[in-house]
Amino acid sequence: MILKNSLTLPCSFLEVQQHLSGIEAIDYFFAKEIISALVTPLIVEQLNDEQQTQLFYLFMVLSAHVRAGHSCLPVHAIAEQCWGSARDENGQATHSGFYFSNFASVQQLLSLLAIDVNDQAILVFEHNKLYMRRYYLFETELARSINARLTAVAPALMRNIVDCMNVLFPQQAKLHQEIDWQQLAVANAMNKNFSVIAGGPGTGKTYTVTKLLAALIMLAKKEQHADKLSIALVAPTGKAAQRLTESITNTIAGFAGIIDEEVLADIPTNAQTIHRLLGVIPNSPNFRHNQANLLHYDVLLVDEVSMVDLPMMARIFRALKPTTKVILLGDADQLPSVAVGSVLADIAPSPHRGYSKSNYQYLVQACQVNETQLINSFTHVEEHRCDHLSFLIKSRRFDGQGGIGKLASSVIQGNVEQSWLLLSQKKDNLVGNHSQLSLEKGELKSWLTPLVKQYYQGISACNSLEQAFELLAKFRVLCVTRQGEYGVIAINQWIQALFNSNALSSSGKHYHGMPIMISENDYRLGLFNGDIGLLWSVKSTSDQHQCNQLMAFFEQGVSLKNASKVGVQCQDKHAMADYKSFLPSRLPKFEPVYAMTIHKTQGSEFDHVAMVLPKGDSPLLSRELLYTAITRAKELLTVSTNQYAWQQGVTKAVKRYSGLKLI
């Protein structure tokens, strides 16, 4: 079948690519296969050439949307829209795009195809949204699983809940005080089988959820449950799991003398990755734990949920008992998952829609707060309430006075003018006598070289691994992309060349003090994509001779014991006990990590962040991307950009189309 259009003849991918920005070969060939499978000769007779072309481009756009993370393509998103047009920095058109018909025409075209829910076709057209069937099934399965928990009752006596709250939040025993959002979040999750606790950096998410786990353990004891609660802690990546482990362990230590020791002893501290929880099957997208082989946990806590994609979240719920209490934790303003879906943003809408009348009454009793004050704390935007959702809105790290906190707030609100003024006018960024923000418009190497030497050059000269890891954690260069002049690969290569004269050893491209990041999972070694380590020379004994052996060291986290025994000696034996070590040749794929993509830094924090943005327009720039990078910085943020690129980023919000709806 030859598709024709009065303006365009999409006979080859190269021709399509010339006028559609952001299209890939996979989109073209996907559309070609789909249209040949779904557009039967009978349907062809009902369509003119222009309508056939509309369908062809519609299927290409669906494929492109899935690659961009959308679970579906709503008709309203493309009707009467010119898709794929683009302009350069000077405003000149580089791609003309393709113009779609009106809503009714597109709807009618799709209605001609046998792609209803029950047709078992590769596509599904439901509620004026076009899906690939697999994502439709993931979405409906997840919605069904969550909604079942929302309607289930988690019975507990109110007096027992109040007793727990009084122990955990004794300062809130009186009415008419300012609302403690952490207390509210704990109480709101105690009587529910599904809950979400969302908040920005420094709002105390881990602190709050540790108190919640203590509350659930105390409540189980009061309710005279025979067995100890079985609780699992998980995160999307090995790095995030390690940070969760460390945070909960440190928080528990701070509760000593405040919360009963038996309760604290029952709080788990060892978090694992989602993949490890579900059980990886080599060379298979499926897991050992599923609906036929359930996990038997009473409580599941998932951290950094913004990073969890739709298929993975569906698989998590698929493997749980119907009675398992699920607690999701994350920052809904951060970047969504790399793969399809924006689960946290879908189930944690902002602003909060408020609670149902019965939930307000419950929270008033549980927290002993004033009902009017509580109700007035929410902006009620519609009838549909979010009883499962709690927001932590008071940041301890960013108190509103520092430049980083102000910049993050103005960026996520899409305020271009205010954010640019904050970034470019140092007088508004002062904390004490120091500016938290700096804007660099000059040549990259001129301003970055001093920072690289300040933070990275001293790593190889550190006296111990502990000092080296502490110095490495102080600073990171963050990039939007891996490729290009301002991408991770180019900047890492430049920094390595900067150290080349005195850093490279006889091992070639690997050298003492080189920071590395694992880029693929290796469950056998316990190393995961995103894990960061250091190459470090240690004394090795072989055939009665001592020589320097280059090893790769990775921090183990506070709860892990028994470091690897690799036949090397180190003067600082105490420091060695806190690390896993491997010969570099045994490692899975890895790369230098002076610079990282912003996506890879989710869940991490650094004293000083240098964010490098492309100078022109970039399809990846968004306010969520900028917000994520900004909030990785604890003390100092340096941004390399121009006003045009900054405006593009702050203006564009990540909007992922989805049909995920909760009752």
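**Notebook: salt bridges in the predicted model**

I looked up Asp266 and found it buried, with a relative accessible area of 19% (buried is under 20%, exposed over 50%, partly exposed in between, with a 1.4 Å probe and protein chains only). The model is predicted, so I kept in mind that local features need pLDDT of at least 70, that side-chain atom pairs count only at pLDDT 80 or more, and that totals for chains, interfaces and linings use all residues. Residues are numbered from 1 along each chain as its sequence is written, and side-chain values use heavy atoms, with hydrogens and water left out.

I then noted that the side chains of Asp266 and Lys221 meet in a salt bridge at 3.4 Å, N to O (a side-chain nitrogen of Lys or Arg within 4 Å of a carboxyl oxygen of Asp or Glu). Lys221 lies in helix α9 (residues 205-222) and Asp266 in helix α11 (residues 261-266), so this pair ties together parts 45 residues apart in sequence (helices are DSSP runs of H or I, at least four residues, and strands runs of E, at least two, numbered from the N terminus). Lys221 is partly exposed at 44%, and I recorded a network of salt bridges that links Lys221, Lys228 and Asp266.

Searching the whole structure, I found 11 salt bridges. One of them joins the side chains of Glu141 and Arg318 at 2.8 Å, N to O; Glu141 lies in helix α6 (residues 133-151) and Arg318 in helix α13 (residues 310-318), so the pair ties together parts 177 residues apart in sequence. I checked accessibility here too: Glu141 is buried at 15%, whereas Arg318 is partly exposed at 22%.
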